[in-house]
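My notes follow, in the order I went through them.

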Amino acid sequence: MAWSNHVALVTGANKGIGFAIRRDLCQKFSGDVVLTARNQARGQAAVQQLQAEGLNPRFHQLDIDDLHSIRAIRDFLLNEYGGLDVLVNNAGIGTDPTHVHIQAEAAMKTNFFGTRNVCMELIPLIKPQGRVVNVSSMIGLRVLKNCSPELQQKFRSDTITEEELVRLMNKFVEDTKRGVHEKEGWPNSAYGVTKIGVTVLSRIQARKLSEQRKGDKILLNACCPGWVRTDMAGPEAPKSPEEGAETPVYLALLPPDAEGPHGQFVQEKQVEQW
């Protein structure tokens, strides 16, 4: 069976930055754009809002905390499109910095392990010249500098494995539960550590793609959308969701002949030193 349609998938796309990314891709991407959300009703409402603007998105329910949900959308993409051209991992949750020990586990489950599970199931579907964008945060880079020198060295290593990264993320959660995370060299930001995890995971995934699918010219990057007015960041943030969408969409639509960026952390369309 031959599939002619290209398809882009955006997680956490019913509001905020994800919704703005979704709108931008609907206008600029040559193919179908699938909006996903955990809540079916909110996702359908977002679709109706875009339809009222003359756009034609598709919707599929996705809870990135649920492996069965991830596999359902994987099967949908295989059956409908034979794969995936663009994946934007935007879904995530914020945290209250005053309750690190309480929120570390929930934030890690969604922001790091949920994103990792989506990547594990969907990156094998990415077609040649496909693009993967993991939405991270500059906060991750900021709190990396507050980690112990030993942790910084591990997170900046070009040879760290996914298994080693997973162990470190689990150790952070356990250390917060025991109240020893600062003594063990961790910063006091659960959200920041989860975003360190997302960026380092992206570097590892890009390395694997270069080794295993070098000829396919797939580009995978992490990015920071900036401080954006969303439910998570609050109304005082300087950027609109539309401005926050610019860098993720830029990475999602890198031209077919582009050789980079790949395996980088990008902000304001510029590669940041990790």
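**Helix α7**

I began with helix α7, residues 162-177: at 1.5 Å a residue its 16 residues should span 22 Å, and its end C-alpha atoms are 23 Å apart, which agrees. The expected span is 1.5 Å times one less than the number of residues in the helix. Helices (H or I, at least four residues) and strands (E, at least two) are DSSP runs numbered from the N terminus.

This is a predicted model, so I kept in mind that local features need pLDDT of at least 70, that side-chain atom pairs count only at pLDDT 80 or more, and that totals for chains, interfaces and linings use all residues. Residues are numbered from 1 along each chain as its sequence is written, and side-chain values use heavy atoms, with hydrogens and water left out.

Which residues of α7 are buried? I noted E162, L165, V166, L168, M169, F172, V173, D175 and T176. Buried means under 20% relative accessible area, exposed over 50%, and partly exposed in between (1.4 Å probe, protein chains only). The buried residues of α7 pack against α4, α6 (149-156) and α8 (190-212). Just after α7, G179 has a positive phi of about 75°.

**A104, on the α4 side**

I then went to A104, which lies in helix α4. A104 is buried, with a relative accessible area of 0%. Leaving out residues up to four places away in sequence, A104 touches F172, V173, T176 and A190 (contact means heavy atoms within 4.5 Å). A104 and F172 are 68 residues apart along the chain, yet their C-alpha atoms are separated by 8.0 Å.

**Helix α3**

I ran the length check on α3 (residues 67-81) too: its 15 residues should span 21 Å at 1.5 Å a residue, and the end C-alpha atoms are 21 Å apart, which agrees. Its buried residues are S69, I70, I73, F76, L77 and Y81. Seen down the axis of α3, they fall within an arc of 120°, so they line one face of the helix; the arc is that of the directions from the helix axis to the C-beta atoms. On the other side of α3, I found H68 and N79 exposed.

What covers the buried residues of α3? The cover includes β1 (7-10), β2 (32-37), β3 (58-61), β4 (84-89), α4 (100-122) and β5 (126-135). At the start of α3, a side-chain oxygen of D66 comes within 2.9 Å of the backbone nitrogen of H68. After α3 comes G82, with a positive phi near 70°.

**Second largest pocket**

I put its volume at about 270 Å³. Of its 15 lining residues, the closest to the centre are F29, V86, Q129, L254 and P256. β5 gives the largest share of the lining, 4 residues. For the terms, I used a 1 Å grid over the protein atoms alone: a pocket is an open set of points where a 1.4 Å probe fits, with protein on both sides within 12 Å along at least five of seven lines, and lining residues have an atom within 4 Å of a point. Points are joined across faces, edges and corners, and the volume is the space filled by probe spheres set on them.

Q129 sits in strand β5 and has a positive phi of about 65° although it is not a glycine. At 40% relative accessibility, I logged Q129 as partly exposed. I also noted that the G260 to P261 peptide bond is cis, with omega near 0°.

Note on methods: Polar contact = N/O pair within 3.5 Å; in protein donor to acceptor, adjacent residues only side chain to side chain.
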